[in-house]
Amino acid sequence: MRGKQIVRWAGALAGACSLAACGGQPTACTAIGLQPNGVTIQVPGLPLGSRVTGEVCTPSKCTTATEKYVDQFFLFVSNPGIASTAPLAITVTVRDPAGKELVPKKSLVVTPVRNQPNGAGCEPIGYFATAVVALAPAARKGK
């Protein structure tokens, strides 16, 4: 009688494990895409309709992106130097179309976050940081 109980428990555990994807079953991954690693620059006070270019420099690479400020300013600058969750020294600069610095070169340390939208064990994996920077005094006055 005891042997039958052990077999029943073993069968029940095996069935539960198969339902929970145990025992090396492949992980079901979704196909959610992910933008490249980078930094979101936030510039409170930047006027609506401003077209700006943001530059982000890591120790390994400088990259730029140009966007138009429509609602609340978020400018994403892709940068492959953002590649882990380790704190990282970066510089951020924001310019208008004429090249005038709206945010002069600002050095700061960011701590990127890891994003894995398709779940554990699934690609892609991205790293993203946010930098909140202030407008230059002349840019705030509209000069």
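The disulfide of cysteine 57 and cysteine 62 is right-handed, because the torsion about its S-S bond is about 115 degrees. This is a predicted model. The structure holds 2 disulfides. Counted along the chain, the bonded cysteines pair in the pattern 1-4, 2-3.

**Cysteine 57 and cysteine 62**
- The sulfur atoms of cysteine 57 and cysteine 62 lie 2.0 Å apart.
- A pair counts as a disulfide when the sulfur atoms are within 2.5 Å, so the 2.0 Å between cysteine 57 and cysteine 62 qualifies.
- Cysteine 57 is buried, at 10% relative accessible area.
- Cysteine 62 is partly exposed, with a relative accessibility of 44%.

**Cysteine 29 and cysteine 122**
- A disulfide links cysteine 29 with cysteine 122, at an S to S distance of 1.9 Å.
- The link of cysteine 29 and cysteine 122 is left-handed, with -80 degrees about the S-S bond.
- Cysteine 29 sits in the loop between α1 (2-19) and β1 (38-42), and cysteine 122 in the loop between β7 (113-115) and β8 (126-132).
- The pair therefore ties together parts that are 93 residues apart in sequence.

**Exposure of cysteine 29 and cysteine 122**
- Cysteine 29 is partly exposed, with a relative accessibility of 41%.
- Cysteine 122 is buried, at 1% relative accessible area.
- Buried means under 20% relative accessible area, so cysteine 122 at 1% falls in that class.

Key. Residues are numbered from 1 along each chain as its sequence is written. This is a predicted model: local features need pLDDT of at least 70, side-chain atom pairs count only at pLDDT 80 or more; totals for chains, interfaces and linings use all residues. Side-chain values use heavy atoms; hydrogens and water are left out. Helices (H or I, at least four residues) and strands (E, at least two) are DSSP runs, numbered from the N terminus. Buried means under 20% relative accessible area, exposed over 50%, partly exposed in between (1.4 Å probe, protein chains only).
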